[in-house]
Amino acid sequence: MAGRGVRPYFPCVSLLQPDLFGASVRAAPAPPEGLSYRADALTVEQERNLAETIGALPFKPFEFQGHEAHRQVVAFGWRYDYGQRAVLEAEPIPDWLDPVRAIAADLSGEPPEAFVQVLINRYDPGAGIGWHRDRPQFAKVVGVSLLEPCAMRFRRQIGEKWERTSAPLAPRSAYLLTGPARREWQHSIAPMEALRYSVTLRTFAERRKSRSS
Ligand SMILES: O=C(O)CCC(=O)C(=O)O
């Protein structure tokens with residue numbers, strides 16, 4: 001069971017809504033099922049402290065198939081290595097991330113220790129993240145946003161067409177991806193105009209849990 005104050009993203013919005021004059025107009029498509037969102041998950045002070053600590057981390061450009069992205073990352077607990085196509089051990093998750101793990105636990109209904117992987121993304125101006133689904137070695141995904149707002153874009157292929165939608169991510173908010181939002185939809189973030197950090201936390205998929213115990 002997810003914690004208090006968690007809500008799915010506008011699950012009941014009809015695609016056809018009457019406008020002021022009674023005519024039907026097409027509303028923005030509803031965000032994907034399985035996406036939950038909490039505004040103000042962090043206090044302003046927590047955000048300030050986290051941003052200060054995160055700002056001093058040894059970020060490295062995200063590498064994919066020999067290519068260095070504009071986005072920079074630091075991983076704790078475990079990390080997925082695209083070169084080796086394997087989940088590898090990383091530095092232990094530091095205590096200062098406890099409040100963020102607590103948010104992930106509250107949002108997802110999992111214990112904080114279940115979030116064994118943390119990836120911190122640093123988006124300088126011009127950096128975004130391309131279309132992807134998170135690796136299948138991981139199950140639930142929680143993301144906490146710092147400093148700048150952005151939109152998380154979603155798409156999934158239906159036959160030959162792409163169904164698309166998006167969800168705003170405010171600073172200090174948290175989102176949870178499970179179900180179709182996690183498995184069926186890809187997500188991406190357009191290049192940022194100002195610095196944004198995200199702290200993303202993941203649980204292991206059942207298969208992986210049994211191999212690592
Ligand atoms: O910055 C975000 O909130 C999205 C991060 C993301 O998609 C990822 O780390 O795979």
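**Notebook: the ligand shell and its neighbours**

I started at the ligand and listed the residues around it: Leu119, Asn121, Ile129, Asp134, Gly143, Ser145, His187, Ile189, Ser198 and Thr200. Next I asked which elements give two or more residues to this shell, and found E9, E11, strand E15 (186–189) and E16. I keep in mind that this is a predicted model.

The residues around the ligand divide into 3 nonpolar, 6 polar and 1 charged.

Strand E11 (residues 138–146) was my next stop. Is this strand enclosed or open? I found 9 of its 9 residues buried, so E11 is largely enclosed by the rest of the structure.

I looked up the strands that pair with E11. With strand E16 (residues 196–204), E11 pairs in the antiparallel sense over 7 bridges, and here I noted Val142 opposite Leu201. With strand E14 (residues 174–177), the pairing of E11 is also antiparallel, over 4 bridges. There I picked out Val141, whose bridge partner in E14 is Leu177.

Last, I turned to helix H2 (residues 98–108). Which of its residues are buried? My list reads Val100, Arg101, Ile103, Ala104, Asp106, Leu107 and Ser108.

Note on methods
Residues are numbered from 1 along each chain as its sequence is written. This is a predicted model: local features need pLDDT of at least 70, side-chain atom pairs count only at pLDDT 80 or more; totals for chains, interfaces and linings use all residues. A residue is buried if 20 or more other C-beta atoms lie within 10 Å of its own, exposed if 12 or fewer, and partly exposed in between; C-beta atoms are placed from the backbone. Two strands pair if DSSP finds at least two bridges between them. A residue is near a molecule or strand if its C-beta atom, placed from the backbone, lies within 6 Å of it. Ala, Val, Leu, Ile, Met, Phe, Trp, Tyr, Cys and Pro count as nonpolar, Asp, Glu, Lys and Arg as charged, and the others, Gly among them, as polar.
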